[in-house]
Amino acid sequence: LRPPPPLPSPQNQTHRLAFGPCFNLLQMTFVYKASGQSWAKVAKSLQATFWSAQVLNWKMWPFAQFINFNFVPPELQLLYMNLIALVWTVALSSIMN
């Protein structure tokens, strides 16, 4: 019998709670500003979309990393995470538009 896979590490959980929101805030601000919005409109857009994106981040990435580190063969881990990143980009784009 195989032992059960380990739970996400406290370091990974801390990263998700601390750096995830900061990175998403910066990324979304840049995208809104690069699309030509004023700072007031950027703030309004962030108020409308940030928490939806952040909750999706917290739901999606820990699960994807858990699968990647515990079940995906090492030679396919990069491909798997690139596919997850593509799904994340599409989901984030749909939230922001």
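Reader: How do the residues of the lining of the largest pocket divide into nonpolar, polar and charged?

Author: Five are nonpolar, six are polar and one is charged. Ala, Val, Leu, Ile, Met, Phe, Trp, Tyr, Cys and Pro count as nonpolar, Asp, Glu, Lys and Arg as charged, and the others, Gly among them, as polar. The model is predicted: local features need pLDDT of at least 70 and side-chain atom pairs 80 or more, while totals for chains, interfaces and linings use all residues. Residues are numbered from 1 along each chain as its sequence is written, and side-chain values use heavy atoms, without hydrogens and water.

Reader: What makes a residue part of the lining of a pocket?

Author: A lining residue has an atom within 4 Å of a pocket point. The points lie on a 1 Å grid over the protein atoms alone, and a pocket is an open set of them with protein on both sides within 12 Å along at least five of seven lines. His15, Arg16, Trp61 and Trp88 are among the lining residues of the largest pocket. Its volume is about 180 Å³, taken as the space filled by probe spheres set on the points.

Reader: Which helix supplies the largest share of that lining?

Author: H1 does, with seven residues. Helices H1 (10-34), H2 (39-71) and H3 each supply at least two. Helices are DSSP runs (H or I, at least four residues), numbered from the N terminus.

Reader: Why is Val87 called partly exposed?

Author: Partly exposed lies between buried (under 20% relative accessible area) and exposed (over 50%), with a 1.4 Å probe and protein chains only. Val87 has 48% relative accessibility, so Val87 counts as partly exposed. Val87 is in helix H3. Its C-alpha atom is 9.8 Å from that of Met60, 27 residues apart along the chain.

Reader: Why does Thr89 get that label?

Author: Its relative accessible area is 48%, so Thr89 is partly exposed. Thr89 is also found in helix H3.

Reader: What about Lys41: why is Lys41 partly exposed?

Author: The relative accessible area of Lys41 is 42%, so Lys41 is partly exposed. Lys41 sits in helix H2. The C-alpha atoms of Lys41 and Thr14 are separated by 31 Å.

Conventions
1 Å grid on protein atoms, 1.4 Å probe; cavity = no way out; pocket = protein on both sides within 12 Å on 5 of 7 lines; lining within 4 Å.
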